Amino acid sequence: MRYTQEEYQVANHKSAEKRNRQAQVRRVRNRMNKNKMKTMVRKLDEAVAGGSVEAAQEAFRVASSVIAKTASKGTIHKNTASRKISRLAKRVNALTPVA
């Protein structure tokens with residue numbers, strides 16, 4: 001069961017009320033960043049499934065940028081971002097023919 005902010009214990013101090021407001025703002029911002037990241041990864045998956053090398057490379061460029069930005073904002077850990085980018089790069093490179 002998910003709890004909304006109203007179901008938690010109510011803050012009794014001015015500093016605790018501010019902390020709750022800050023947490024709500026950060027939660028919304030983090031969700032927004034994560035959803036954008038997931039959307040870009042999904043678009044990359046579709047491009048890879050389509051088999052188009054150029055589309056996959058362009059989608060990878062966009063997705064890796066969004067993942068790096070998400071990490072720089074602190075929403076995900078930098079090692080998690082590196083791991084995700086590495087795995088996506090491996091999938092895109094598998095599409096490109098060996099010269």
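Q: Which residues in α2 meet which in α3?
A: On the α2 side they are Val53, Ala56, Gln57, Phe60, Ser64, Ile67, Ala68 and Ala71. Their partners in α3 are Lys78, Ala81, Lys84, Ile85, Leu88, Ala89, Val92 and Leu95. Contact here means heavy atoms within 4.5 Å.

Q: How do the residues of that contact divide into nonpolar, polar and charged?
A: The contact of α2 with α3 has 12 nonpolar, 2 polar and 2 charged residues. Nonpolar covers Ala, Val, Leu, Ile, Met, Phe, Trp, Tyr, Cys and Pro; charged covers Asp, Glu, Lys and Arg; the others, Gly among them, are polar.

Q: What kind of model is this, and how are residues numbered?
A: It is a predicted model, in which local features need pLDDT of at least 70, side-chain atom pairs count only at pLDDT 80 or more, and totals for chains, interfaces and linings use all residues. Residues are numbered from 1 along each chain as its sequence is written, and side-chain values use heavy atoms, with hydrogens and water left out.

Q: How many helices and strands are there?
A: The protein has 3 helices and 0 strands, in the order α-α-α along the sequence. Both kinds of element are DSSP runs numbered from the N terminus, with helices being H or I of at least four residues and strands E of at least two.

Q: Back to α2 and α3. At what angle do their axes cross?
A: Roughly 175°, and the axes come within 9 Å. That makes α2 roughly antiparallel to α3. Axes are lines fitted to C-alpha atoms, for helices over the stretch in contact, and angles run from 0 to 180 degrees between N-to-C directions. Under 35 degrees counts as roughly parallel, over 145 as roughly antiparallel, 65 to 115 as roughly perpendicular, and the rest as oblique.

Q: And α1 with α2: what angle, and how far apart are the axes?
A: Helix α1 (residues 14-50) and helix α2 (residues 53-72) pack at about 160°, with axes 9 Å apart. They are therefore roughly antiparallel.

Q: Is the crossing of α1 and α2 left-handed or right-handed?
A: Left-handed. That label applies if the near helix is turned anticlockwise from the far one by less than a right angle, and right-handed if clockwise.

Q: Which residues in α1 and α2 meet?
A: Asn33, Lys36, Met37, Met40, Val41, Lys43, Leu44, Ala47 and Val48 in α1 are in contact with α2. The α2 residues are Ala55, Ala56, Ala59, Phe60, Val62, Ala63, Val66, Ile67 and Thr70. This contact divides into 14 nonpolar, 2 polar and 2 charged residues.

Q: What about α1 and α3: at what angle do they pack?
A: About 15°, with the axes of α1 and helix α3 (residues 78-95) 10 Å apart. That makes α1 roughly parallel to α3. The crossing of α1 and α3 is left-handed.

Q: Which residues in α1 meet α3?
A: Met37, Val41, Leu44, Asp45 and Val48 meet Lys84, Leu88, Arg91, Val92 and Leu95 in α3. The contact of α1 with α3 holds 7 nonpolar, no polar and 3 charged residues.

Q: How many salt bridges does the structure hold?
A: There are 2 salt bridges, each defined as a side-chain nitrogen of Lys or Arg within 4 Å of a carboxyl oxygen of Asp or Glu. Asp45 pairs with Arg91, the closest N and O atoms being 2.6 Å apart. That pair links distant parts of the chain, from helix α1 to helix α3, 46 residues apart.

Q: And which side chain does Arg61 meet in a salt bridge?
A: Glu58, also at 2.6 Å, N to O. Both lie in helix α2, 3 residues apart, about one turn of the helix.

Q: Asp45 and Arg91: what are their relative accessibilities?
A: Asp45 is at 29% and Arg91 at 39%, so each counts as partly exposed. Buried means under 20% relative accessible area, exposed over 50%, and partly exposed in between (1.4 Å probe, protein chains only). Glu58 is partly exposed as well, at 40%.

Q: Is Ser64 buried or exposed?
A: Buried, with a relative accessible area of 16%. Ser64 is in helix α2, and its C-alpha is 8.7 Å from that of Met40, 24 residues apart in sequence.

Q: What percentage of the 99 residues count as buried?
A: 22%.
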